[in-house]
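Dear colleague,

I am passing the structure below on to you, together with some notes on what was found in it. Please read the notes with the sequence and the structure side by side.

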Amino acid sequence: MASKLCLLVRQTEEEAQESVNQAKQAKLVFDGGVTHLPRPESLRDGCRDRPVSLPDTNRSLIESYIKAGNRRIGLLKTEGRRTLSLGKSLYMSKHVHDLQYHGINANISYCFVRGKVTPQQKLSLRPYNCWVVINKETGQFLSAECSCIVG
C-alpha cells in the first residue's frame, strides 16, 4: 500500500543488516563475479605478521584508489588529499599497528593486508579492524573496509 502511494517505507532491522552484509560481500567479488574472496577475518592460518610478500605498490596507486572512492560518493573537491594526509598522519603517529599479510591462495591474484587502527581522538576505544585487497601482480588497491562508523 505504501509503495502505491509513493511513501518511503523504513527498513526493518533485519533488512538493514542484510543490506550491510550484501554490501560487505560485494567488496570481495572480482573478475566479473568469477572470484569470490573469503572475509579476511575468517582467515586464521597463513597470516604473516611482517608483510614481506607485499606486492610492489606506490603512492600513485593508493591515490588512484582513494580518488575513485571519492568519485563514487561525490567527494570530488579534495581529490583525496585530506584522506591521504590523515592516513599518513595516523601511520606516522603509530596509530596503525598489527599489520598482517595473507596471500589467500597461490592461484589467486589477490592478497589481503589487514591491521588495526587506534582512533585518533579517543585512544581508549578499541582499535578498528581494517583491511585492503591488493592485486599481487600490479600492486593496485581494489577494495578496503574498516570497522569504524564510516567503514
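Where is the place of Ser143? Ser143 sits in strand S6, residues 141-146 (helices, H or I of at least four residues, and strands, E of at least two, are DSSP runs numbered from the N terminus).

Before going further, please note that this is a predicted model, in which local features need pLDDT of at least 70 and side-chain atom pairs count only at pLDDT 80 or more, while totals for chains, interfaces and linings use all residues. Residues are numbered from 1 along each chain as its sequence is written, and side-chain values use heavy atoms, with hydrogens and water left out.

Ser143 is buried, with a relative accessible area of 6% (buried means under 20%, exposed over 50% and partly exposed in between, with a 1.4 Å probe and protein chains only). Leaving aside neighbours within four places in sequence, Ser143 is in contact with residues including Lys27, Tyr65 and Trp131, where contact means heavy atoms within 4.5 Å. A polar atom of the Ser143 side chain lies 2.9 Å from the backbone oxygen of Lys27.

The other element to look at is helix H2. The buried residues of H2 are Ile66, Gly69 and Asn70. They cover an arc of only 100° around the axis, which puts them on the same side of H2; the arc is that of the directions from the helix axis to the C-beta atoms. Helix H3 (81-92) is included in what covers these buried residues, whereas the face of H2 turned away from its buried side carries the exposed residues Arg71 and Arg72.

Best regards

Notes
A polar contact is a pair of N or O atoms within 3.5 Å; within protein, one must be able to donate a hydrogen and the other to accept it, and residues adjacent in sequence count only if both atoms are side-chain atoms.
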